[in-house]
Amino acid sequence: MAAKSFDMIVIGAGPGGYVAAIRGAQLGLSVAIVEREHLGGICLNWGCIPTKAMLRSSEVFHLMERAKDFGLKAEKISYDLDAVVKRSRGVAGQLSGGIGHLMKKNKITTIMGEASIPAKGKVSVKTDKGTEELTAKNIVLATGARARELPGLEADGDLVWTYKHALTPKRMPKKLLVIGSGAIGIEFASFYNTLGCDTTVVEVMDRILPVEDAEISAFAKKQFVKQGMKIMEKTMVKQLDRGKGKVTAHIEANGKVEKVEFDTVISAVGIVGNVEGLGLEDLGVKIDRTHVTVDEYCRTGVDGLFAIGDIAGAPWLAHKASHEGVMVAELIAGKNDVHPVRPESIAGCTYCHPQVASVGFTEAKAKEAGYKIKVGRFPFIGNGKAIALGEPEGIVKTIFDEKTGELLGAHMIGAEVTELIQGYVVGRTLETTEEDLMNTVFPHPTLSEMMHESVLDAYGRAIHF
Ligand SMILES: Cc1cc2nc3c(=O)[nH]c(=O)nc-3n(C[C@H](O)[C@H](O)[C@H](O)COP(=O)(O)OP(=O)(O)OC[C@H]3O[C@@H](n4cnc5c(N)ncnc54)[C@H](O)[C@@H]3O)c2cc1C
């Protein structure tokens, strides 16, 4: 049988791949997408969406526990873990199903199977029914990533979990160790701690949420400790001894090793790219520590082969993957006004309690880059809406280039900041200066007023603090 031919074949149907496929179809390309497991990728099935569904349950639980603060009565508050997980899986399933409809609507050929690239322009797919051969002038690799496993700390699904196990727990941990305090580790720590689990977070770097501004990390730590979490920084888990229903962790800090028992460990020590089994080495694709090396347009250096999303490196975020998907589809369709993705204008969000969100330079990174800066801060306690919501803890920090007034970075912690941050992202994308932001009218009463006040504070003009 002759190989089916397309303008573009996308391998992997996560937020990178499926968005690239839709944009390609919109631009008139004939598109096929190959997926080996689930439409929607990690994001919809095991990442962004099911975690947020779980965190919503713990957030509501937390609010119910605080009912009295709002003049309400709620007694004997408890939870049904199976029902929490069922809801999360239902939300993930609903969205994954939606991607199937989008593929059909856009007349994209969807093939469920494992793809490899035997030669330039060729894709071979192993399906339930045999092997299908496809050809295309352009191939987009969007195969994503999976949990990194450290030797000795490997997940077993029983005592030691990856994010997949942590999203489908069969039991509620009583004493939990979370290894790694990036977004994934902290979100799970927040979920389980809020539901009453004795939670310890171990971070090898000198502070939790190490990519965030140091002030935000410190603020987050204070809040988490107040909530009963134990935070161990500059600390390393060296070994896990697995026993019956318990794990003894060898935890090293300041050259001393302490042995601590837990009943569950979540390993959240990063991710590795899905680069294996695709034939990339034979094609001459450069791979650097499990990620495909690409230029600013996601070109791999092999003619007609692009790589987007998690497989193409940091930041490992769904919206970065999707944006790259659009960019690559537009390049393939021959659009001539395509701009590269600017990683420094991509927001990062952590949906713990309180939430954390940021974009651009941290204060330290701005100084390192040689900028003379102006810094503004505004606390949630100075904002009417925050107090009305019963969420008076948080801070909005902004960093400007003293010389030009360019908004270099924004860093927030507190209620709903993952929604607010986009205001600053738009600002950065439009190359807004402090003056534009100061002259913008913010609605009252909203949390967004703090974004205004933080900018005003950088120039000594904050009104409410
Ligand atoms: C617990 C968790 C929470 C997260 N929360 C957030 C969040 O809140 N916000 C955020 O922006 N990001 C979040 N992320 C990260 C986000 O999920 C990823 O950045 C995003 O999914 C990357 O998209 P992608 O398209 O590159 O890859 P993926 O979503 O990983 O999709 C890749 C797809 O390719 C398929 N595939 C792989 N190899 C082959 C092959 N050979 N043939 C066919 N198919 C193949 C896989 O089955 C998969 O479906 C989270 C991740 C995790 C693990």
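Helices, as I use the word here, are DSSP runs of H or I with at least four residues, numbered from the N terminus. I keep in mind throughout that I am reading a predicted model.

**Entry: S190.** I looked up where S190 sits and found its place in helix 6. I then checked its accessibility, which comes to 2% relative, and because buried means under 20%, S190 counts as buried. Leaving out residues up to four places away in sequence, I noted that S190 touches L55, M229, C352 and H353.

**Entry: the largest nonpolar core.** I turned to the largest nonpolar core, which has 35 residues, and noted that those touching the most other members are I186, F188, F191, Y192, V201, F224 and I266. I listed the elements that give two or more residues to this core, and they are helix 3 (48-65), helix 4 (81-105), helix 5 (163-167), strand 9 (175-179), helix 6 (183-194) and helix 7 (214-226). Helix 6 gives the most, with five residues. For F188 I set aside neighbours within four places in sequence and found contacts with T51, Y163, A166, L167 and I266. Apart from this core I found another, of 32 residues, including Y18, L44, C298 and I332.

Entry: I looked up H444 in the record, where an unreviewed UniProt entry covers it with the annotation "active site". In the model I located H444 in the loop between helix 13 (434-438) and helix 14 (449-458). Is H444 buried or exposed? Its relative accessibility is 62%, so H444 counts as exposed. I also noted a polar contact of 2.7 Å between the side chains of H444 and E449.

Technical notes: Residues numbered from 1 in each chain as written. Predicted model: local features only at pLDDT ≥ 70, side-chain atom pairs only at ≥ 80, totals over all residues. Heavy atoms only, no water. UniProt positions renumbered as here; feature names shortened; annotations may be inferred. Buried < 20%, exposed > 50% of the residue type's maximum accessible area, 1.4 Å probe, protein only. Polar contact = N/O pair within 3.5 Å; in protein donor to acceptor, adjacent residues only side chain to side chain. Core = buried A, V, L, I, M, F, W, Y, C linked by side-chain atoms within 4.5 Å. Contact = heavy atoms within 4.5 Å.
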